[in-house]
Each structure stands twice: as structure tokens, then as C-alpha cells.
Amino acid sequence: MAAVIETCGLSKVYGDVTALDSVSLSVEKGALFGLLGPNGSGKTTMIKVLTGQVRPTGGFAKVLGLDPAKDGVGVRERVGIIPEQESPPSFLSAMEYLEFVGAVRKIPDIAEKAEKWFDILEFGDKKNVLCKDLSRGTRQKLMFAQAFIHEPVLALIDEPLINLDPLMQDVVKEFLSDYVRKGNTLFLSTHILEVAEEICSAVAILHRGRLLHAGPVADVRAHGEHLPGFFLSLVRKGGHA
Amino acid sequence: MPNLFSCLMKEEWRMHSTMFGSVSFALFPVMIFGIVFMGSFLLPLLSAAFPAGDLAFLAHATFLLLGFMVGGFGLLGNEMMNRRFGQASLLVYSARSLPLSERSIFAHFVVKDIFYYFFLWVLPFGAGYIAASPFSGVPLSRALLLLLTLSLSFLLGLCVVFLLSSLYVRSKTACLLAVVFLGVAAGIYTFWSGTNPALLFPPYLLYSAFSWMAFLATALAIAVLFAASVVLFSPEGRSSARTYRRVLGRLAKMLSFLPDSPIVAKDLLDLARSGIGIGQTLFSFLIPLVVIWFFLSLLRGSLPPHGLIIIFSLTTGIIASTIYTWVTEFDSFGPYSCLPVSVSTLIAGKMTTFLVLQALPAVFIGTVATLSSGPELVAPVIVLCLSISVYAAGVMAYLCGLSPSVLVYDVRVLITYLVLDSVALVLLAAVSFANSLYAFLSLFLLVPAYILVRAARARWDARDPAGI
């Protein structure tokens, strides 16, 4: 299978903090790939580097054959992204925000597509509310909609289930699994291990910017372990290394 | 609550110093001191052109304006707070999680701003003048008095804006009425007495003829303004969700002849819906310029016949260039980071919005020129104002990218900005004084402005964007 994401010795240093330390990994087409790690392990930085939001200080990355450090806009044109903390612009309504995304991404029939997402994520009653007045959960739904509204072949999403109620988490998990079944690729960063074990086909574990493990979830199970236990023992060992 | 006060001071310092390093930021007051110290040696030369009283007037007006700027920058309701401080959990939001009232935090915030910006701007200015007094021949007592009265000017400006912003958050109509009332009162006074109301500015009166009674009266007025702003303060953000019909798409379509029309449409909606468009127009544009007009008009006797409107046009141009900060303060690159938008596209979009909003200074300076100087000066004055505004915004975009209101405190950035702008201002003032038609020469500034914006796009694209 072809790799849609490839990194080689990828590093990112902010001042005296090493956020990524020579990370090499590969994500194949059609994978639901989970990037796991404790807080501050470098997961968010990894997504930022892969989507050309920040430049690496060492190594390189290829996303859909493009170098995000050189063509970040090109990468962001082709992929869907849900950043961890970003909110939609305050003074647009939810519908207007999706229209804005449509205008920037040059998506035809944006209103129709937006309506579809309001239905899927069940927040049509909020479409005319200013983004600043939306609840966190509804903002998360809106960010989710903007990431998939242009039907990308690859999506990089940071903690997609956070702020969502259990019913909506179920809807989203079902959507993500379906998205991958259609041949798309998902790169998901999370520290909810149960979710990763439930839906991911492969995982990588980061700790203090270093890659501790990368491989199929099935391999972990083959050793008679569950992902949460495997993760905890690996990170604790890594933490003492 | 001394703890809250000291924490607010530390927080403000760290916000600034983390942007460009503690040493660089600490040099800012040193730079102000140095400029004033050296500038004091030019006083004898300046006195040949302007009477000493005029120079003192200008200094007081500048510090009143500084007070307006510092006050107006942060306190147009919660949205301005959000824009200034981001969504982070800063102390100003402590009332959400700690047993502190929002009114108390507001009062501490005002006091913090007074002290912080006093040490950042006012004291270094006064200290530079005092340090130069043995060499410049100015008696030490006069230099000390100037520091006192400039501080009072700054405090007056700050407290007036805090009061107006408290009023604005509570009732926009009441705030507008208060401003109109003050303007009308000044107009009536001028009409009946034939005297410029700026001559009644208390700190300047105090500087001209110090008396303890006048000092106490001025201090009392400032205290009353401060107390009234705290009493009137009403925290925002409790209203229910606001809804709007879809406008963005239609607006972007209407503006489709402009580059990056979705970004321009979004910026215009931001300005309109947040109320910041009106707030900034009032506090950062109209009020300062009306005050400046009164102060500058005192220089009429020292200027050529059309000199006043030329100087005012240049000043309006510089203030109009800060419209670039209105459109960049709304958002960092963060909200765009999930879209195929580069920093350079965003800079270009913000510059387009800035150019659209130049209609405001064009109408303003055109009206002032018509009323004060006659129709023949309208065209040169508008061209002069807009050219300098576009050029200064280009300098700002090059030096600061999308963060002009933060990076202005970087000493290197500020010095470069001042030098580049001053050269253009001095040259244009000189040629336009000679003949008002030479003001059209300012159109040549559009060339460096274009080059600067192009360079800004390349420069800021090459860096990791701030705000993500």
C-alpha cells in the first residue's frame, strides 16, 4: 500500500523545548491511524508540522506526496484538519462560517453541503447563531463539518471527540469508520486510549517528542495486551529512560 | 488587593516580554528616555520656529492622546478584552473561577494600566527632559513641573476613555450622546468666546501657572472620572446567543471585484457585529482627531496659511494607518490554520480591508478641509492623508505582519517605524507648506507602500505564524 504520510527524522524545537525528536513513521492509504501520547508529548506539534502550520527544525515530511514545509497551502487544500484548540471566527454565524470555508476552498453548492452537515451532526437549529455564542460542543461539531465538507482523501484531526456528548461521539465514531472504509485515510491524535483501541487500525505512541512505538493495533493484541495497558507500560518505561 | 495588582503587572510585563524578549522590551523606556534626552538639545532650534508655549501645548496634547490610545486600546467591552488577551485564562477573567468581583478586577486593571504605562512611557519621557535640563537651560523646577502635568494629561486621557468605554458597554447611545454633548459644548464655547477650548485644558493651565488649588482640582477631576468609570462598569457577556441571517456570501459576492473578497467580507462583518467598528471609529479616530484639531489650531500663527490643514492631514493619515490594527486585532492566523490560506494571503486580505476602510479618513479630512480651508484644498489634502496612511500601514505590515499592536513595543520595530514614517512626514510637510499642490507628490509614496506590502508577504510567509 502507498504511504500517504511519511516522516523521516522529523524534529521541531521551540527555544529550549524539543517538541519532536527525530520522528520517523509512515501511514498507509486507507488506515485509521492513531497518534497517542500523554499531554505535551508532541502530538499537536506533529499535526501542525504535517499540515504546514509550523516548519520542522530537522528531518522532513511528505503528505500526499507534498512537502508541508514548502507547500503548506497545497497540503491544506487537499486534507481536512481539526485543530485542537482553534475556534471558528467569532462574528460569523455557523452557516456563514461554512460559507466562508466554501469560498476559501472553492466548494460548489456549499449551502447544500452545509445543510447536510447540520443534519448529520444535529445542530441545524444553531446555524444562524454567532460562533462566539455557540457551546464548546457545537463549535466542535462545526469544526468537524469544516474539516470534511470538501470530502478530503486524508483528514488530520486532533482530539475529535472531546466536548461531544456520548450520543454524538457514537455518531462521529461511526462516521470516521465509514470514512476510512471508503478508502480515505484518517490521522487521529488522541489521548483517549479506549477510543483508539476501538476504531484505529494502527497507532504510534509519542512521549516527550520521541516515537516509542508504531505499528498495527492487531500486533498489540497478538501479544495478549490491550492498548491502554500497553501504552501505560511503554510510556512509564519511556519516562524513566 | 495588592496581590492582584502585582500579578496583573507581572502578567502585562510577561505578555509583552515573551513576544520579543525581556531585554528588548526593557529597552523600550530606555529608548524613550534617550530620544527625549537628545531631543531636548534641539529645543533652542525649535523655539526659533515655535513659541515655547506652543511646544508645551503639543507635548500635553500628545500625552492626552497617549492616554486615549492606551485606554481605548483595551476596554471596549469584553470583545476588546478577548482580542487583546486572547481566549487564554488571564487574570482579567479571574471572576469566573475565583471569589473576585468583576468590578474589583476592572478597578485593579485600570490602576495597573495607569502604573504600567506611566513607567513605560510617561516617566522615561519626563526623566529624559529632566536629565537634559542642566544642559538645555531649562530650570529643574520647570522640568519637574512638566513631568507632573504630562502625567496628569496622560491620566486625564486614560480616565476619560475608561469612563466612555464603561458608558459604551452599558449604553452605546448614552456614550454617543456624551461625546456629542462634549463636542457641542466645545463648539458653543468657541463660538461665544472666540477662544480655543484647548486653552482650558487643566494640565496645561497648571503648567502655565502652577497653584496647589489648581493641582488639587485637576487631581480631583481625574479621581472622579476614575471612580465614575468603575461605578458605571458593567460586565458584558451575559446576553443570550445572537443570531444573524446569512450575509457573508452576498457581501463577498458584492465585493468580488476585490482580491480575497471572502476575507474582506468577513473582516467587515467582524467590525460591524462586534460594535468595534463604531467603538474604534469613535475612540481611536474621531475623538483623538477632534482633540488634536483643537490643539493644532493653536499653532495657526506659526504656520503658513494652509499649514494647519496640511499638518492635520498628515496627522490624520498617521492615525488612519492604525486602521490596519483594527482589522488585524480580530484574529490571529490560528482560525485560518485549518484552511488553505497562507499568512501572505491573510496580510493581503487585511490590507484590502484596510484600503476599503480608508473611505472613513477620506470623508473626514475632506469635510474638515471644506469647512476650515475651502474647497480648493480638499483634493490635495485627501491625497496627502491617504498616501501617508497607506505608506505607514505598509511599513507596519512589513515590520509587524499580522501583529502590529503587539510588536510596536519592540524597540527595533518602533525605531524603524518612526524613522521611516518621519522621513516621509517631514519631506511632505516641507513641500506641501511651500505649495499645497505639491501635496500630490505624496502619491509617489504608493510605490514604496506597494513594495513594502509585497516584502511583508514574503517576509511573514517565511516564518512560523504567530497565534497558533
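## Chain B

Of the 468 residues of chain B, 53% are buried, where buried means under 20% relative accessible area, exposed over 50% and partly exposed in between (1.4 Å probe, protein chains only). This is a predicted model, in which local features need pLDDT of at least 70 and side-chain atom pairs count only at pLDDT 80 or more, while totals for chains, interfaces and linings use all residues; side-chain values use heavy atoms, with hydrogens and water left out, residues are numbered from 1 along each chain as its sequence is written, and chains are lettered from A and ligands numbered from 1 in the order in which they are written.

Chain B has 21 helices and zero strands. Helices (H or I, at least four residues) and strands (E, at least two) are DSSP runs, numbered from the N terminus. Among contacts in chain B between residues at least 6 apart in sequence, 79% join residues at least 24 apart; a contact means heavy atoms within 4.5 Å.

## Where the chains meet

The contact involves 33 residues of chain A and 35 residues of chain B. Together the two chains bury about 3,000 Å², with 61% of that on carbon and sulfur atoms. Buried area here is the accessible area (1.4 Å probe) that two parts lose on being put together, summed over both. On the chain A side, A:Phe91, A:Glu96 and A:Phe100 lose the most area to chain B, together 22% of what that side buries.

Two salt bridges are found across the interface of chain A and chain B, a salt bridge being a side-chain nitrogen of Lys or Arg within 4 Å of a carboxyl oxygen of Asp or Glu. The side chains of A:Glu96 and B:Arg273 form a salt bridge, at 2.6 Å from N to O. Between chain A and chain B, 14 residue pairs are in polar contact, both residues at pLDDT 80 or more. A polar contact is a pair of N or O atoms within 3.5 Å; within protein, one must be able to donate a hydrogen and the other to accept it, and residues adjacent in sequence count only if both atoms are side-chain atoms.

Helix H2 (72–78), helix H3 (94–105) and helix H5 (136–148) of chain A are the elements that give two or more residues to the side touching chain B. H3(A) supplies the largest share of that side, nine residues. By class, the side of chain A that touches chain B has 17 nonpolar, five polar and eleven charged residues. Ala, Val, Leu, Ile, Met, Phe, Trp, Tyr, Cys and Pro count as nonpolar, Asp, Glu, Lys and Arg as charged, and the others, Gly among them, as polar.

## Helix H4 of chain A

In helix H4 (residues 110–120) of chain A, the residues A:Ile110, A:Ala114, A:Trp117 and A:Phe118 are buried. They lie on the same side of H4(A), because they cover an arc of only 105° around the axis, taken from the directions from the helix axis to the C-beta atoms. The buried residues of H4(A) are covered by elements including H3, H5 and helix H6 (166–181) of chain A.

The face of H4(A) turned away from its buried side carries the exposed residues A:Glu112 and A:Asp119. Just after H4(A), A:Glu122 has a positive phi of about 55°.

A:Val23 lies in strand S2 (residues 17–28) of chain A and is buried, with a relative accessible area of 0%. Beyond its neighbours within four places in sequence, A:Val23 is in contact with residues including A:Cys8, A:Met46 and A:Leu206.

A:Thr138, in helix H5 of chain A, is buried at 8% relative accessibility. The side chains of A:Thr138 and A:Ser135 are joined by a polar contact of 2.8 Å.
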